[in-house]
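Subject: Handover of a structure

Dear colleague,

Please find below the structure that I am passing on to you.

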Amino acid sequence: MTLETGHLSPYISFTRHQWSELRAAVPMTLTEHDLVQLRGIHDELSLDEVRDIYLPLSRLLNLYVKARQRRSKVIEQFLGTEPAHVPYVISIAGSVAVGKSTTARILQALLDRWPEHPKVELVTTDGFLYPNAELDARGMMKKKGFPQSYDMRRLVNFVADIKAGAKSVSAPVYSHHIYDIVPDAEKRVEQPDILILEGLNVLQSGMDYPHDPHHVFVSDFVDFAIYVDADEHLLKQWYVERFLRFRKGAFADPTCYFHHYAALSEEESVNIAGQIWDEINYPNLKTNILPTRERASLILTKGGAHAVEQVKLRK
């Protein structure tokens with residue numbers, strides 16, 4: 001463990017081994033079969049990774065949740081009010097292709113197995129993108145994932161209602177297959193103990209939305225924020241590798257939005273994927289996503305094998 005004081009860092013830094021020792025006696029509750037269902041298309045997530053990184057993290061989060069529950073009871077006792085169901089909100093941010101979705105699914109599976117909070121919901125902010133028709137009308141199809149491509153007011157209202165203890169709140173549903181919002185589809189979220197919110201924009205605040213000035217943001221409702229990080233050259237490599245796997249898989253389906261890429265040669269696919277990264281995903285990362293990293297409560301930094309090599313925890 002390194003207490004970063006030389007440059008006044010707000011974080012305590014851990015090597016992988018140091019972090020893994022903080023698992024304590026938390027039991028492994030996932031099997032190899034579970035991992036097959038949970039890992040992403042390009043993630044090589046192993047049980048070792050779950051044991052060394054995600055079990056200690058689930059222990060830490062469980063302690064935070066219990067502390068928040070105790071605090072809520074103190075406030076209720078002081079005010080003489082009935083217990084309110086206020087979920088603990090965890091956000092997960094990071095670049096395209098870094099593995100945010102897998103991190104979110106693993107944490108959901110682990111936290112769901114703790115007896116203190118049996119209901120853990122996962123919502124991605126993709127559902128709050130404007131539909132393609134609206135993005136196209138605004139000339140923003142190549143800005144998908146940028147701050148201005150989200151209906152932030154709807155997203156903020158959704159999280160605010162959840163945090164206020166609403167009995168049932170609905171979220172729009174996004175399909176990566178059709179690359180659009182699914183018409184007339186919604187995900188119902190009904191008073192979870194923990195809400196995991198995963199997306200590119202969950203750590204953004206007012207400075208990221210000068211085009212749409214308002215005073216409340218998703219980050220205002222988050223209890224614990226995680227940023228999944230990796231070197232830029234790795235992110236581009238992983239994005240290209242993922243594109244190639246999709247080309248052989250999902251893109252082959254004629255109903256897929258990206259079906260026209262299935263006929264490309266491997267060399268053409270590498271070039272196209274690299275161009276998409278350079279023109280869209282990289283500028284979004286540098287301008288809108290990476291600057292939010294130091295707002296996180298915890299930073300997971302991955303190395304070349306998709307494995308977390310360093311953990312930073314805010315003091």
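**Lysine 286 and helix 8**

K286 lies in helix 8, where helices (DSSP runs of H or I, at least four residues) and strands (runs of E, at least two) are numbered from the N terminus. The model is predicted, so local features need pLDDT of at least 70 and side-chain atom pairs count only at pLDDT 80 or more, while totals for chains, interfaces and linings use all residues. Residues are numbered from 1 along each chain as its sequence is written, and side-chain values use heavy atoms, with hydrogens and water left out.

With a relative accessible area of 38%, K286 is partly exposed; buried means under 20%, exposed over 50%, and partly exposed in between, for a 1.4 Å probe and protein chains only. Apart from neighbours within four places in sequence, K286 is in contact with E232 and P291, contact meaning heavy atoms within 4.5 Å. The side chains of K286 and E232 make a polar contact of 3.0 Å. Such a contact is a pair of N or O atoms within 3.5 Å; within protein, one must be able to donate a hydrogen and the other to accept it, and residues adjacent in sequence count only if both atoms are side-chain atoms.

E279 also lies in helix 8, which covers residues 266-289. This residue is partly exposed, at a relative accessible area of 49%. The C-alpha atoms of E279 and K143 are separated by 9.8 Å, although the two residues are 136 apart along the chain.

**The annotated binding site**

S95 is placed in the loop between strand 3 (88-94) and helix 4 (100-112). Is S95 buried or exposed? It counts as buried, because its relative accessibility is 2%. Leaving aside neighbours within four places in sequence, the contacts of S95 are K100, L200, Y227, V228, L235, W277, L285 and I289.

An unreviewed UniProt entry carries the annotation "binding site" for G94, S95, V96, A97, V98, G99, K100 and S101. UniProt positions are given in the numbering used here, feature names are shortened, and annotations may be inferred rather than shown by experiment.

A97 is found in the loop between strand 3 and helix 4, and is buried at 4% relative accessibility. Its phi is near 75°, a positive value in a residue other than glycine.

K100 is found in helix 4 and is buried, with a relative accessible area of 8%. Not counting residues up to four places away in sequence, K100 touches I92, A93, G94, S95, E198, G199 and L200. A polar atom of the K100 side chain lies 3.4 Å from the backbone oxygen of G94.

The 13 residues of helix 4 should span 18 Å at 1.5 Å a residue, and the end C-alpha atoms are 18 Å apart, which agrees. The expected span is 1.5 Å times one less than the number of residues. Among the buried residues of helix 4 are K100, T102, T103 and A104. The buried residues of this helix pack against helix 2 (32-38), helix 3 (47-79), strand 3, strand 4 (120-124), strand 7 (194-198) and strand 8 (224-229).

T125 is found in the loop between strand 4 and helix 5 (132-137). At 0% relative accessibility, T125 counts as buried. The side chains of T125 and N201 are joined by a polar contact of 2.9 Å. Leaving aside neighbours within four places in sequence, the residues in contact with T125 include Y150, L155, L197 and E198.

**A further loop**

H306 is placed in the loop between strand 9 (298-302) and strand 10 (308-314). Its relative accessible area is 9%, so H306 is buried. H306 has a positive phi of about 65° although it is not a glycine.

Yours sincerely
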